[in-house]
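This report looks at aromatic contacts. The structure comes next.

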Amino acid sequence: MVNQNQISKLKRVSEVLISIFSRPSGMIGFSIVILHIIIAIISPLIVPYDYKEINSLIMLRPPSEEFIFGTDQLGRDVFTRTLMGGRVALLVTFFGTLIAVAWGGFVGIFCGLVGGKIDDIVMRIIDAFLAIPWILAMLLIVVILGTSTQVLIPALGFFYGKGIVRVARAATHDVIARDFIMAAKARGHSNFSIIWNELLPNVRDAIMVEGAMRWSWMLLAFSSLSFLGFGVSPPTPDWGLMISEGRGLMSFAYWSVIAPIVALSSLIIGINLSADAFAKALGIDRTQKAPV
Amino acid sequence: MSDKIQTIENLSIGFKSQNGREVSILKDISTHINKGETVGIVGESGSGKSTLALAMMGYTKQGLYTISGQCLFKSNNLLNMTDRDLEKIRGKEIAMIPQNAGQSLTPNLKIGYQIEETLKLHSTINTNDRQLKITELLHKVRLPSPNIIAQRYPHELSGGQQQRVAIAMALAGSPELLLLDEPTTGLDVTTQAHVLELLNEIAKDTDTSMVYVSHDLGAIAQVSDRVIVMYAGEIVLDGDVRDVLSVPIHPYAHGLLNSIPKLSLPGLPEAMPGTPPQLEKNIKGCSFFERCDFATDKCKNSKPELFIPMNKKMKVRCFWHNKLSEKQRKPKYDSNSAHKTKNLDEVLKLDKISITYSKQSIIDQLLNRFSEKNITVKDIEIEINKGETIALVGESGSGKSTILKSIAGLLSTKNGSINFKKTISLSSDVRNRTNSQLRAIQLIFQNPDESLNPSHTVEEILSQPLKLYFQLSGDKLKENIIDLLKKVRLTENYLYRFPRQLSGGEKQRIAVARAFAAKPDIILCDEVTSALDVSVQAAVLKLLQDLKNDMGTTYIFVSHDLAVVRAISDKVAVLYQGRLCEFGPSSEVYKFPSHPYTEVLLGAVLEPNPDLKPVLTAEDRVEESPPEIGCSFQSRCPRVLGEKCFTETPPWQFSKKGNAIRCHIKIENLFKQQTSKN
């Protein structure tokens, strides 16, 4: 019988998925994101050249049959580096987003539930953090603790969880005012049971959508850090780093930056489109309701 | 004919469904509105009545479009006109009064300014005369001191006053056609009666045509000359209000009328079986076929036309209308007198309960003093016996839901105690109650959309109380859940559905089942039927009554609808501003002598009979907080004695038949005054 219930739930999930893919934005967005993920996973197996082999004889070659995206100032194949350039970024931002959703969701729900003075204090602290320019704070952290992924993941996760706190808190406020929470209270369920069974399933959607949005922002932030030289250290290929390295030569060797720019932008657009379609499929976007 | 102000011809409106099929909401509607006529459009939710009213203004909701037909206003097809042309007509020649005036008035602009805006657009009055006109308009809608009202913001007015302002704005352009979309739904009964009276007067004075859309046949009966009954996007009956309401010759209209609880007829109304057909479904025959008692194969296979039968003055869409006109409209009412006077075990006693929402000042807290100010509910004393249904009645702000919440332990009381089964004193905080105390009292909420968790299946919803109170699991749990579903007349098929896959009535049944899962002694019903359509309401009331007879449960039933209360309750407590006014057996409360407030309430109840007009004795005014001394009803009471009413708390008086009235007027005098007048 439990299975039956799960079937109902799975049906709901499949309904949401169908709804996502029946929208052009969802179809395109998800295709882009999935393609990026697949490439990131299998790129070491399919790339034609070694990403770090420096060859001064073939510096800054324009796109040709041999090097379809050309080569950079150190004679490395841009195609190879572009295919592999998303690996670190995706890894760091994916886990960063998980951390952001976890702590942001937890604190947001907690604040929404307890309310009162504790809520006030926590929210003011969050506001204060929001006021600090993130890039300044990130630079500080990176300078002190180094640029390893073990530092970047929690640091980015922490900074991008603040927005999730607000969303989670608002969603919690929305849900706890509804009668089914009151009904559970009147039945005498424990607080834990109310939060787990009644509240979480109903704030989950909003938090997930917000998390997806944050992912794309975090990706941009991570690439910016790399661009500034505080993210991935060479010779590891990374889009931000590649753009930074090729920037000075853009006027005569445009090919060294075009590919990473397109790759980065397409991933961000893909994530945004997917998050959008996701929100609409879940019915969080209220303007898009069916006419009847 | 030249006196037709609006003609609708073969109008169909619909939308494209996700799989690209055309789904119509209105199906081939043809009708007309005469000059100076008030037409009531009645139907349940989803019948297309609002869509029709909007189409009369040349508007279709987003996502909808006109499939065929036209809507002629003075020989112009509104549905073909450009927005610019429509702007000239809307507000000036056709005006609309929305359901919720509080939301349709701009909150940051003064009333006078908002009316002036309409005047600027739709009249040629010059600036100097506009102020005069505003005063005149506000006066016309019977607002006291129009000049002061014009200087106020919308939130400073009561719901009834806001609705009046909306009417004044609609009248500003001197329209020829007024569309009213449920204009009194959501207002208190007395306010509603006043607004309807005003509309009647306006119709008489200005010779404006009106289209009154409502689900409430009582309201329709008061204002309309003609009634159109809609079902599943079609007109099924169209005729003079008296003819339609006295001999409804369409089975749907017949059933609808029977499912309304009436003050004049105690007992439960008759429920209509089934639900309206789904929009997407293609129906070959009559759309009411599935729910009709008279249906034959002919009805299934061919669609009846709207026609005027011989010797009749109304149009009807039914093959068997003759059967209905022969059938005496004498509904067979279930008598609920059978279960009276059983064992009178006291199950719950509210002993001088007072509740306040406002925080106490620090000084009061330090001195452990109870501030007399801002008490929402004061000194409520009610004894409830096992197996009784007690109704708490009152208008909004009377504290009826507040009392219910504190019985459930969701709101702590400041004074007094709640005694359960004589010996157990219930804590007013749910966390301090034992498991068995919690189990004994269950709640059913007003709106099942809100009270059922949207991400749980029916099975999960029903398993919660069973797991919590009886620690059931596995097959035992499932057995119990199916048993519960059967009790509320649903089948096993519902187990794995989500609330959004159920109709309103089905959802409320699940909510009822959840309450009964705990095998409670007392069930608190908070306006359980007011979010439902009348035919569904009748079915839910019947279900509650049946379950009570089977299980001997006690209900505490909160409602603003006196007719519903009359149908289901054994005892009634009338509340005003958190103070008890009258308490007694329901058969007595609904008879004189009554507390003056009960009298006002009863007078304002609308019956679906155009010849029974409401009696309006008290002013419709909203009081912000109850008076600190004297009688709570002092400022609105039509029978004020004098100084005494304002300074002394009235005493309880008991009539011979057992109802208690809290009034300074001697009970005999009250009876004399109330009966002699009529």
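Is W196(A) buried or exposed? W196(A) counts as exposed, because its relative accessibility is 53% (buried means under 20% relative accessible area, exposed over 50%, partly exposed in between, with a 1.4 Å probe and protein chains only). The model is predicted: local features need pLDDT of at least 70, side-chain atom pairs count only at pLDDT 80 or more, and totals for chains, interfaces and linings use all residues. Residues are numbered from 1 along each chain as its sequence is written, chains are lettered from A and ligands numbered from 1 in the order written, and side-chain values use heavy atoms, without hydrogens and water.

**Ring pairs**

Over all chains, the whole structure holds 16 aromatic pairs. Rings of Phe, Tyr and Trp (its six-membered ring) pair if their centres lie within 6.5 Å; planes under 30 degrees apart count as stacked, over 60 as edge-to-face and the rest as tilted. Two pairs are listed here.

| Pair | Centre to centre | Angle between planes | Class |
|---|---|---|---|
| F192(A) and W196(A) | 6.2 Å | 10 degrees | stacked |
| Y231(B) and F288(B) | 5.1 Å | 90 degrees | edge-to-face |

F192(A) is exposed too, at 61% relative accessibility. In chain B, Y231(B) is buried at 2%, and F288(B) is buried at 3%. Y231(B) and F288(B) are 57 residues apart and link distant parts of the chain.

Ring pairs also join W103(A), F129(A), F158(A) and F159(A) into a cluster.

**Charge over rings**

The charged end of K298(B) sits over the ring of F319(B), 4.3 Å from its centre (NZ of Lys or CZ of Arg within 6 Å of the ring centre and within 35 degrees of the ring normal). The charged end of K298(B) also sits over the ring of W320(B), at 5.5 Å from the centre.

Key:
Helices (H or I, at least four residues) and strands (E, at least two) are DSSP runs, numbered from the N terminus.
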